[in-house]
Amino acid sequence: MAKLNVSPLDLQGLLLLTPTRFADARGYFSETFHAEEFAKAGVDAVFVQDNQSYSTRLGTIRGLHFQTPPQPQAKLVRALVGSVFDVAVDLRRDSPTYGQWRGVTLSAETGSQLYVPAGFAHGFCTLEAHTIVAYKVDRYYSPECDSGLLWNDPDLAIDWPILPEEAVLSDKDTRLPRFGDFASPFAM
C-alpha cells in the first residue's frame with residue numbers, strides 16, 4: 001500500500017519525502033515510515049531513536065544542531081501539529097555544496113518529511129504557535145558529540161521567515177559558534 005513521493009533537493013542526500021494519504025469521510029491514513037520504500041528512495045538509515053519537540057510560540061528556532069563523529073546522526077523530520085521552516089546546512093568539507101543551506105516548509109497538513117543525512121546541520125523555525133515536530137535519528141544522543149552553529153550566522157545567510165528580534169531561542173542556541181570558526185570533521 002505504501003506510496004512515497006520523493007523530491008531530491010540540490011544538496012546531495014537531502015530528500016523531501018511525502019507519503020501518500022488515503023482519505024475518506026473520517027480523515028486520512030498514511031504510512032509515515034516504511035523501511036523498504038524509504039530504502040528505495042535512498043534513505044538507508046536504521047533509525048534507533050524517536051524525538052519530539054513542542055514549541056509554544058511562533059518564531060521558535062531550534063538549531064542549528066548536529067552530532068560529530070564518531071556519533072553523527074541522520075534525521076527524518078516531520079511536523080505533527082502546525083508547521084516549520086526546516087533548514088539543513090551541508091557540513092561535508094569536500095562537498096561541492098559545502099556551507100550551503102536549503103530550507104523547506106514541513107506541515108502537519110501536507111505530511112512531508114525532510115531526510116537530513118549525517119554531515120548536515122539541522123534547525124527549524126516554527127511558523128505557527130503550538131507546533132509539534134517529531135524526528136527519527138539513526139544514532140543515539142551523545143552529549144560528547146553534540147554540536148551546533150549559530151542560527152543567524154551572516155556567513156550562512158539563511159533566509160529565516162522571521163526577523164532576528166522575533167526569534168525565540170534557548171540560551172544554548174544563542175551561544176553556538178559561527179561557521180567561520182568551524183573545522184568540519186565531516187567528509188562525503
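Predicted model: local features only at pLDDT ≥ 70, side-chain atom pairs only at ≥ 80, totals over all residues.
**Stop 1: the five-stranded sheet**

Start by showing the cartoon and colouring strands β9, β8, β11, β6 and β13. In that order, β9-β8-β11-β6-β13, they form an open sheet with antiparallel pairing. The edges are β9 (101–107) and β13 (146–148), each of which pairs on one side only.

Now zoom in on β8 and β9, an antiparallel pair held over seven bridges. For a landmark here, select V89, which stands opposite W101 in β9.

**Stop 2: the nonpolar cores**

Which residues of the largest nonpolar core touch the most other members? Select L64, V87, V89, L91, L149, I158 and W160: these hold that place among the 21 residues of the core. Strands β6, β8 (83–90) and β11 (120–126) each supply at least two residues to this core.

Leaving aside residues up to four places away in sequence, I158 touches L64, V87, V89, W101 and W151. Then switch to another group: a second, separate core has 13 residues, including A88, V104, L106 and F120.

**Stop 3: the aromatic rings**

The model holds nine aromatic pairs. In the pair F66 and F182, the ring centres are 5.5 Å apart and the planes stand at 70 degrees; because an angle over 60 degrees counts as edge-to-face, that is the label for this pair. F66 belongs to strand β6 (residues 61–67) and F182 to the segment after α2 (171–174), so the pair ties together parts that are 116 residues apart in sequence. Are these two residues buried or exposed? F66 has 4% relative accessibility and counts as buried, and F182, at 16%, counts as buried as well.

F179 is buried, as is F182.

The charged end of R21 sits over the ring of Y28, 3.9 Å from the ring centre. Over the face of F33 lies K136, at 5.5 Å from the ring centre.

**Stop 4: D173 in helix α2**

Select D173, which lies in helix α2. How accessible is D173? Its relative accessibility is 2%, so D173 counts as buried. Show the residues around D173: not counting those up to four places away in sequence, D173 touches I61, R62, G63, H65, L150 and W151. If you draw a distance between the C-alpha atoms of D173 and I61, you will find 8.5 Å for two residues 112 places apart along the chain.

**Stop 5: the β1–β2 hairpin**

Move to strands β1 (residues 4–8) and β2 (residues 15–19), which run antiparallel and are joined by five bridges. P8 has L15 in β2 as its bridge partner. The hairpin has six residues between the strands, and G13 there takes a positive phi near 95 degrees.

**Stop 6: backbone details**

Where are the cis peptide bonds to look for? One joins G63 and L64, with omega about 10 degrees, and L64 has its place in strand β6. Another runs from P69 to P70, with omega near 15 degrees; P70 is in the loop between β6 and β7 (75–81).

Then check two residues with positive phi. H130 is not a glycine, yet has a positive phi of about 60 degrees. H130 is found in the loop between β11 and β12 (131–137) and is partly exposed, with a relative accessible area of 44%. For A157, also a residue other than glycine, phi is near 55 degrees. A157 is in the loop between β13 and α2 and is partly exposed, at a relative accessible area of 48%.

Methods
Residues numbered from 1 in each chain as written. Heavy atoms only, no water. Phe/Tyr/Trp six-rings, centres within 6.5 Å; stacked < 30°, edge-to-face > 60°. Helix = DSSP H or I, 4+ residues; strand = E, 2+ residues; numbered from the N terminus. Buried < 20%, exposed > 50% of the residue type's maximum accessible area, 1.4 Å probe, protein only. Lys NZ or Arg CZ within 6 Å of the ring centre and 35° of its normal. Core = buried A, V, L, I, M, F, W, Y, C linked by side-chain atoms within 4.5 Å. Contact = heavy atoms within 4.5 Å. Pairing = 2+ DSSP bridges.
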